[in-house]
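Dear colleague,

I am handing over the structure that follows, together with notes on what came out of going through it. Please read the notes with the model open beside them.

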Amino acid sequence: MYTKELDELCESWARWVHRGGLAVSGQSVLSKLIDNHGVMNYGSGGSGPTLNCVEADIEAALMSFYVVNPAAVELFRLQYGAIQRPGFDPDNHQIDKAAALGISARTYKRRLGLVRAHITEKLTKSRAKHVSKQSIHVSQSPAAPESPGEENAPKSRRGRKTSRT
């Protein structure tokens, strides 16, 4: 997967999160009340997030990687604006973002690269399931000759078989 394609998918994932996807990390009851202007609605009405999409696959990859490296996943969520943190501006240069997090630019890039590689691996695996088996197992060998004698028969310049006399 190319870097530009992955960036577009990650930006789409961040928009998905803001539309009600699953990535709101541990939202408390108080923050839900504040977000909903004092009204608690436990699922009546409105539609939930779409779960059969590439954005959901990205979120699942992030959840699985969170167990391994929570700091890298949080950095990734901050990088794409899925979550916010005081003093962190996702539009800044990476060196400024790293300073806001109290880490070096090299550590910032390394953590971001780890998450991106994990997401690429998971997306490649999950999307490969949707490819039909026929397209995977297409034979690359030429068609077999109709009869054993035709295999060694000399051909003319126009591709017709010439007779041996």
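Helix α5 is followed by G102, whose phi is positive, near 75 degrees; helices here are DSSP runs of H or I with at least four residues, as strands are runs of E with at least two, and both are numbered from the N terminus. Please bear in mind that this is a predicted model, in which local features need pLDDT of at least 70 and side-chain atom pairs count only at pLDDT 80 or more, while totals for chains, interfaces and linings use all residues. Residues are numbered from 1 along each chain as its sequence is written, and side-chain values use heavy atoms, with hydrogens and water left out.

To stay with α5, which covers residues 94-101, its buried residues are K97, A98 and L101, where buried means under 20% relative accessible area, exposed over 50% and partly exposed in between, with a 1.4 Å probe and protein chains only. Seen down the helix axis, these buried residues fall within an arc of 100 degrees, so they line one face of α5; the arc is that of the directions from the helix axis to the C-beta atoms. The face turned away from that buried side carries the exposed residues I95 and A99. The buried residues of α5 pack against α4 and α6, contact being defined as heavy atoms within 4.5 Å.

The axes of α5 and α6 come within 8 Å and cross at roughly 100 degrees, the axes being lines fitted to C-alpha atoms, for helices over the stretch in contact, with angles from 0 to 180 degrees between N-to-C directions. That makes α5 roughly perpendicular to α6 (under 35 degrees counts as roughly parallel, over 145 as roughly antiparallel, 65 to 115 as roughly perpendicular and the rest as oblique). On the α5 side the contact is made by Q94, I95, K97, A98 and L101, and on the α6 side by A105, Y108, K109 and L112.

Helix α6 also holds H118, which is buried with a relative accessible area of 14%. Leaving aside residues up to four places away in sequence, H118 touches A61, S64 and F65.

Turning to α1, its 16 residues (3-18) should span 22 Å at 1.5 Å a residue, and its end C-alpha atoms are 23 Å apart, which agrees; the expected span is 1.5 Å times one less than the number of residues. The buried residues of α1 are L6, C10, S12, W13, A14, W16 and V17, and what covers them includes α3 (54-66), α4 (70-79) and α6 (105-128). Just after α1, G20 takes a positive phi of about 120 degrees.

As for aromatic pairs, the count comes to 2, where rings of Phe, Tyr and Trp (its six-membered ring) pair if their centres lie within 6.5 Å, and planes under 30 degrees apart count as stacked, over 60 as edge-to-face and the rest as tilted. W13 and F76 form a tilted pair, 5.4 Å centre to centre with 40 degrees between the planes. W13 lies in helix α1 and F76 in helix α4, so the pair ties together parts that are 63 residues apart in sequence. The rings of F76 and Y80 have their centres 4.9 Å apart and their planes at 50 degrees, so that pair is tilted. W13 and F76 are both buried, and Y80 is buried as well; ring pairs link W13, F76 and Y80 into a cluster.

Finally, V54 is placed in helix α3 and touches L9, L123 and R127, again not counting residues up to four places away in sequence.
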